[in-house]
Amino acid sequence: MIEVRGLSKRFGRTQVLTDINAVFQKGKVNQVIGKSGSGKSVLCKCIVGLFEPEEGEVLYDGRSFHNLELEQKRQVRQEIGMLFQSSALFDSLTVLENVLFPLRMFGTMDEAGMLDRAHLCLKRVNIEGKDRLFPSEISGGMQKRVGIARAIAMNPRYLFVDEPNSGLDPQTSILIDNLIDELTAEYDMTTIMITHDMNSVMEAGDNILFIHEGRAWWKGSREELLRSDNKELNDFIFASGLMRKVKDAMKR
Amino acid sequence: MDLLFHIGRYFQLIRETFTRPERFGLYWKRTLEEVDLLGVKSLGIVALLSVFMGAVITIQTKTNIDSPLIPLYVVGFTARQSTILEFSPTIISLILAGKVGSTIAAQIGSMRVREQIDALDIMGVNSAGYLILPKVIACVVINPFLVVISMFLSIFGGYLAGTLSGLVSGEVYLQGIQTDFTPYHVTYALIKTVVFAFIITTVSAYQGYYTQGGTREVGISSTRAVVYSDVVILIMNYLLTQLLLI
Ligand SMILES: Nc1ncnc2c1ncn2[C@@H]1O[C@H](COP(=O)(O)OP(=O)(O)OP(=O)(O)O)[C@@H](O)[C@H]1O
Ligand SMILES: [Mg+2]
């Protein structure tokens with residue numbers, strides 16, 4: 001479980017996040033939704049400590065992250081897996097080496113064990129036979145999947161995925177959503193997924209946080225989401241005609 | 001104000017760079033890669049420059065001596081002295097700052113803007129150490145070799161130019177380069193080279209590591225890496241010369 005308390009972040013004079021309070025549950029895919037530029041990625045980076053927030057704290061299963069020494073922070077980080085919005089694969093390493101990277105850095109296995117583990121993770125995301133290719137030689141969707149494989153290589157307790165299915169076709173997108181669901185349940189991880197894909201929200205959203213202009217504007221499940229009369233939330237959700245039809249159908 | 005901020009952050013980065021690596025094996029492998037990328041791949045340009053510089057120094061020295069009172073072997077002597085004292089350690093380091101420094105800043109800078117450094121940090125890797133330390137070690141070890149090679153080639157270039165143009169005979173040139181040889185001058189040159197190698201790698205890595213923005217800023221960082229490395233090298237060159245030669 002990850003708890004965020006009173007978190008605020010600004011860059012220079014722009015206030016990006018204001019007093020965010022949220023609880024992300026274990027064994028679930030917790031979703032963070034919101035318009036582009038609302039501060040989702042910044043929130044994510046504040047939680048993992050890539051940005052230092054001006055106020056507030058983050059608790060990893062009760063451990064206050066910001067009070068830890070750098071060395072202890074690195075320990076907690078070894079329990080974190082993260083898929084960046086840009087995938088952030090190391091482009092001087094091959095697909096296989098990318099997944100092997102955290103294992104080689106921190107793993108306690110022998111070389112054969114690491115290779116097995118890396119192949120297992122790649123198989124898990126449906127990437128096979130691409131071991132020797134470089135990130136620039138595979139498609140964007142594959143890069144995301146390799147990014148996920150790298151994120152889960154060390155069996156993390158906390159998984160962060162920043163827009164895993166932006167720019168992907170609906171089929172691949174569903175594949176990735178399902179994968180994240182399965183992995184979360186399988187390893188009992190605390191997963192935080194940033195998305196503005198309504199499809200994924202409708203598929204998996206038990207615990208949804210809506211960020212608007214840097215504030216935790218609304219929280220709830222997908223059923224509550226459809227029934228909510230919060231104006232900004234409705235503007236966001238029902239921007240598409242399809243979602244309006246879903247809502248109408250529910251009313252009937 | 002700004003300058004103090006950068007100096008403070010620079011030394012902080014250096015401290016992080018030199019904290020204990022998590023896996024020595026991985027660092028060792030990375031260091032060998034850097035030796036190849038930053039050292040061996042610079043050999044060509046260093047060799048080319050050295051031969052031609054030595055040649056030019058020799059011709060210029062000869063054409064500037066028109067007094068019959070000055071013996072001809074002075075040409076060889078001068079070529080050797082300027083090569084060992086200044087040309088090989090300083091000019092070659094400035095050239096390397098251009099080649100190696102811009103590579104380092106561009107490489108680390110693009111990793112920064114493409115969130116790859118964040119990815120390292122998130123895994124709990126000491127990103128500064130992992131990325132920068134192998135480059136510093138590679139250059140500090142390999143640059144002295146490059147400079148020694150440059151010394152030989154520059155003096156050899158002088159020999160070629162002197163004999164081919166008929167300005168000075170091979171025999172006299174060889175006599176000149178053996179006149180009043182002070183081994184300490186080579187030590188002085190190598191000390192300078194090591195310090196310059198440290199400056200090139202750390203200043204450039206600093207520029208890359210703190211790049212903010214996108215590809216345009218990576219270009220700017222890369223240019224800054226060269227300019228600042230050069231400026232710091234020139235200042236240190238002056239200080240070290242005063243410290244070591246007087
Ligand atoms: N390093 C930074 N320096 C300054 N401002 C930043 C920085 N990173 C983000 N911001 C600002 O913070 C705001 C929120 O950005 P963020 O990346 O969190 O948006 P987002 O909700 O993830 O959007 P998207 O859905 O497009 O990814 C933006 O206005 C952005 O300009
Ligand atoms: Mg984002």
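The following is a dialogue about a predicted model and the terms used to describe it.

Tutor: In this predicted model, local features need pLDDT of at least 70 and side-chain atom pairs count only at pLDDT 80 or more, while totals for chains, interfaces and linings use all residues. Residues are numbered from 1 along each chain as its sequence is written, chains are lettered from A and ligands numbered from 1 in the order in which they are written, and side-chain values use heavy atoms, with hydrogens and water left out.

Student: What makes the contact between A:K45 and B:E115 a salt bridge?

Tutor: A salt bridge is a side-chain nitrogen of Lys or Arg within 4 Å of a carboxyl oxygen of Asp or Glu. The N to O distance between the side chains of A:K45 and B:E115 is 2.7 Å, so the pair meets the definition. A:K45 lies in helix α1 (residues 40-48) of chain A and B:E115 in the loop between α4 (74-113) and α5 (116-123) of chain B, so this pair joins two chains. Helices here are DSSP runs of H or I with at least four residues, strands are runs of E with at least two, and both are numbered from the N terminus.

Student: Which network does A:K45 belong to?

Tutor: Salt bridges with shared partners link A:K45, B:R112, B:E115 and B:D118 into one network. Over all chains, the structure holds 23 salt bridges.

Student: Why is the pair B:E86 and B:K192 said to tie together separate parts of the sequence?

Tutor: The closest N and O atoms of B:E86 and B:K192 are 3.1 Å apart, and the pair forms a salt bridge. B:E86 lies in helix α4 of chain B and B:K192 in helix α8 (residues 183-209) of chain B, so the pair ties together parts that are 106 residues apart in sequence.

Student: Why is α5(B) called largely enclosed?

Tutor: Eight of the eight residues of α5(B) are buried, so the helix is largely enclosed by the rest of the structure. Among them are B:Q116, B:D118 and B:M123. After α5(B) comes B:G124, with a positive phi near 90°. For chain B as a whole, 48% of its 246 residues count as buried. Chain B has nine helices and zero strands.

Student: What makes A:S41 and A:Q85 donors of the magnesium ion?

Tutor: Donors are N, O and S atoms within 2.8 Å of the metal (3.2 Å for Na, K and Ca); water is not among the atoms, so sites may look incomplete. The OG atom of A:S41 and the OE1 atom of A:Q85 lie 1.9 to 2.3 Å from the magnesium ion, which is ligand 2, so these atoms qualify. A:S41 lies in helix α1 of chain A and A:Q85 in the loop between β6 (80-83) and α3 (95-106) of chain A, so the pair ties together parts that are 44 residues apart in sequence.

Student: Are A:S41 and A:Q85 buried or partly exposed?

Tutor: A:S41, at 21% relative accessibility, counts as partly exposed, and A:Q85 counts as partly exposed at 34%.

Student: What makes the approach of A:Q85 to ligand 1 a polar contact?

Tutor: A polar contact is a pair of N or O atoms within 3.5 Å; within protein, one must be able to donate a hydrogen and the other to accept it, and residues adjacent in sequence count only if both atoms are side-chain atoms. A polar side-chain atom of A:Q85 is 2.9 Å from an oxygen atom of ligand 1, so the pair is a polar contact. A polar backbone atom of A:G37 lies 2.8 Å from an oxygen atom of ligand 1.

Student: Why is B:D180 called exposed?

Tutor: B:D180 has 59% relative accessibility, so B:D180 counts as exposed. B:D180 sits in the loop between α7 (170-178) and α8 of chain B, and its phi is positive, about 50°, although B:D180 is not a glycine.

Key: Buried < 20%, exposed > 50% of the residue type's maximum accessible area, 1.4 Å probe, protein only.
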